[in-house]
Amino acid sequence: MKKIVLPLSLMVPMLVFSQSKKRDTATKVTDIEEVVFQKKVTGRTNDITAVKISAKDAQNVASISGGIEGIIKTLPYVNSNTELSSQYMVRGGNYDENLIYINDIEIYRPFLIRNSQQEGMSIINPDMVSTVNFSAGGFEARYGDKMSSALNIYYREPEKFELSGEASLIGGRLTTGLASKNKKLTALFSGRYRNTNLVLNTLKEDTDFNPTYWDFQTYLNYHISPKFSLSFIGYYSKNDYEMVPKERSVTFGSLQQPITVNIGYGGREEDMYKNMMGTFSMNYKPSDKWRFTLDSFSYQNREKEYYSIASSYELQTFDPVSGDPITSYDVGGQIEHARNDLFVRTYGTQFKTRFSPNVNTDIEVGFKFEKENLKDLTNEWKLVDSAGYSLPRPIDDPRFGDPGDLDLLYRISGNNHIEPTRLSAYAQYSQKFFWGASKVFVNVGARVANWSFNKETIFSPRFQFAIKPDWDSDMLFKVSGGVYYQSPFYKEIKDLDGNFNSNIKSQRSLQLILANDYEFFMYDRPFKLTTEAYYKKMDNLIPYYMDNVRIRYSGQNNASGYAYGIDARLFGEFVPGVDSWLSASYARVFENIDGRGNIPRPTDQRFRFAMFYQDYMPKFPSMRVNLTLTYAMGLPNGAPVFTDPYQYQKTLPSYKRVDLGLSKVFIDRKDNKKTYGFWGNFDELILGVQVFNAFNINNTVANQWITDYNSNLMYPVPVRLTGRFFNVKLEFKIK
């Protein structure tokens, strides 16, 4: 017998499930005319690294941050330590390293958001989604220049009139779909509103919150002929965040030395984030072999971040046995002030063509022109005072009463305005063929880009290879990788003084990913085990500070690094008829700043486990439940801005959370049950209860650093996340 040698990451799933029930191969058919790895549907992709996510599952998931991102966070290679944010980290990357597309148009998130409480709804509306493709690395050349992941969403076209909506304690939505009789004209409109005040009240602090978020989206299609069509996507959103803090008390430290900080506040914060986008597309398909697409797009972002908050604090220790106060370490205060304004406008056009000489071959070419307009006004500072002395301040001898200078802890000030041009192009070739009795898929391509601001041209070759051996076991082996750049934009070019650095370069990542898909039957139900191992070598890195969910870059390419890890996901019908999955991963990421040695980056994940589970009552299938569970080891707590990251290497507590969704389906046309009278107008009617943070676990998203003047120590005071919250929602769909 011929010996087959496999990598360790591929042996594990084979050993674990080697005793599982084998599929009957007696009726297996080999078609040498055509090799099909996937169905041809809306949003067709040749990317073997992409994971398809059910839009229905995304709507069902119990998540505060949003449906699509909420379910993405249960994948093994995705990490997030806050439920209030729709942002996520992938394989050691940060929030800014992820591409997001809607109908192949790149989407931008707000830039000035620093706190997960300020985030509203994701731009992605789950009610409008038809297809979700997500790649955690090694993605194909048609996607842009980011180092971590690519999420591509395709919106759907309604087939008839529809009206659906949702109402809950934290907001609601209303979606209308229209289609002409011949389906030449289709239109989809959706509006959403959300106010998370009730959720934020579980933070156990005396603060007045008034966060209001709303948006409106539309997707229009006009099919002039079977070969030629026009489409338009419009988006407008406005998020307002008002906060008036009053007081806060937090206990931290250890059992032997518990420390309590009591903080009193004065002042307020008022932020505004307004986003608009419009995309007009023309699609021409003269034959089955050719497809041409021309997109014109415009995006505008207007953000204001205004706050002036004074706080006074007292650090105190208590006897661990009696609970009596022992020592007051320090009393002091600080003032934080910001008047930050940002205006971002990008507009341009992109042209793409696909040539398919046969069903197994695709050749794609694309070109993109983009004009950018960035106006940044920054005025931000922080004053720290302890026992009457501002910090930092040299004090020779306080007995002489020399008041000294009133120095700020830091000040960021900038007045920047640039209007650069960005050009990019890509070409890729995809081929499916037989190698003996094995099916093989190859995708090779490259992209090139130039940015006029830093006069840099980057070249990014990428490849993907997959082979499906003719074995009794249903196995697929994959390898992908290439050179991936993080093309700089607003955040990366802004240094800690508030100025734009025109000498900044793109960060670079050399990636290699090995993967195995094993499909099998267990208990007569289909399952799929995916195992992936990866390694990234990075250079020209820009060190950054994690300020809650805000990334503050140093503005200098003075670091290098590497990342590695292994991911596993078991997907299948744990309960007949519905999909669930388990995810586990171990990942590390390090950086070396100015040659001082390797230290964990602020996104160093380590071990993580997640689960998305769906079930129903066998005798009452209209009673349904879904559960999301997450356990993630704590991220590095991050150094305070303007401090040495090599001196802050502790980690936050582990992130643990369980969200539960319970629902009762009163009407579902798929059940073929007739309804009469008023209820006969409904296609769907569901009443649900969501339990966020079901076990009321106190998670920590970041630390607020408070200085003890007597010892010059900085104490990390935990910034807690939300507690248990019960939400009631009603969903309906009218035919």
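This is a predicted model: local features need pLDDT of at least 70, side-chain atom pairs count only at pLDDT 80 or more; totals for chains, interfaces and linings use all residues.

Reader: How many helices and strands does the protein have?

Author: The count is 5 helices and 36 strands.

Reader: And what share of the residues is buried?

Author: Buried residues are 55% of the 735 in the protein.

Reader: Cavities next. How many of 30 Å³ or more turn up?

Author: The search of the whole structure gives 12. The largest cavity holds about 740 Å³ of space. It is lined by 40 residues, and Leu99, Glu106, Ile107, Tyr108 and Lys146 are the closest to its centre.

Reader: Which elements give two or more residues to that lining?

Author: Strand 4 (98-102), strand 15 (325-358), strand 16 (361-386), strand 19 (421-435), strand 20 (438-451) and helix 5 (490-493).

Reader: How does the lining of the largest cavity divide by class?

Author: It has 17 nonpolar, 8 polar and 15 charged residues.

Reader: What about the volume of the second largest cavity?

Author: About 420 Å³. Its lining has 29 residues, with Gly67, Pro126, Glu166, Arg173 and Arg194 the closest to the centre. Elements giving two or more residues to this lining include helix 2 (55-60), helix 3 (67-72) and strand 33 (682-692).

Reader: Strand 33, then. What does Gln690 touch there?

Author: Gln690 sits in strand 33. Beyond residues up to four places away in sequence, Gln690 touches Val61, Ala62, Leu660, Gly661, Phe725, Phe726, Asn727 and Lys729.

Reader: Is Gln690 buried or exposed?

Author: Buried. The cut-off is under 20% relative accessible area, and Gln690 counts as buried because its value is 8%.

Reader: Which residues touch the most other members in the largest nonpolar core?

Author: Ile68, Phe134, Leu151 and Ile153, in a core of 59 residues. Setting aside neighbours within four places in sequence, Ile153 has contacts that include Ile68, Tyr101, Ile102 and Val132. There is also a second, separate core of 21 residues, with Ala62, Met121, Phe209 and Phe725 among them. Two of those, Ala62 and Phe725, also touch Gln690.

Reader: Now strand 19 and strand 20. How many bridges join them?

Author: 14, and the two run antiparallel. Lys432 is opposite Phe441 of strand 20. Their hairpin has 2 residues between the strands, and Gly436 takes a positive phi near 70°.

Reader: Which residue has a positive phi in the turn between strand 20 and strand 21?

Author: Lys455, at about 55°, in a hairpin with 4 residues between the strands. Strand 20 and strand 21 (residues 456-468) are antiparallel over 13 bridges. Val448 stands opposite Phe459 of strand 21.

Methods: Residues are numbered from 1 along each chain as its sequence is written. Side-chain values use heavy atoms; hydrogens and water are left out. On a 1 Å grid over the protein atoms alone, a cavity is a set of points where a 1.4 Å probe fits but cannot get out, and a pocket is an open set with protein on both sides within 12 Å along at least five of seven lines; lining residues have an atom within 4 Å of a point. Grid points are joined across faces, edges and corners, and a volume is the space filled by probe spheres set on the points. Ala, Val, Leu, Ile, Met, Phe, Trp, Tyr, Cys and Pro count as nonpolar, Asp, Glu, Lys and Arg as charged, and the others, Gly among them, as polar. A nonpolar core is a set of buried Ala, Val, Leu, Ile, Met, Phe, Trp, Tyr and Cys residues joined through side-chain atoms within 4.5 Å. Buried means under 20% relative accessible area, exposed over 50%, partly exposed in between (1.4 Å probe, protein chains only). Contact means heavy atoms within 4.5 Å. Two strands pair if DSSP finds at least two bridges between them.
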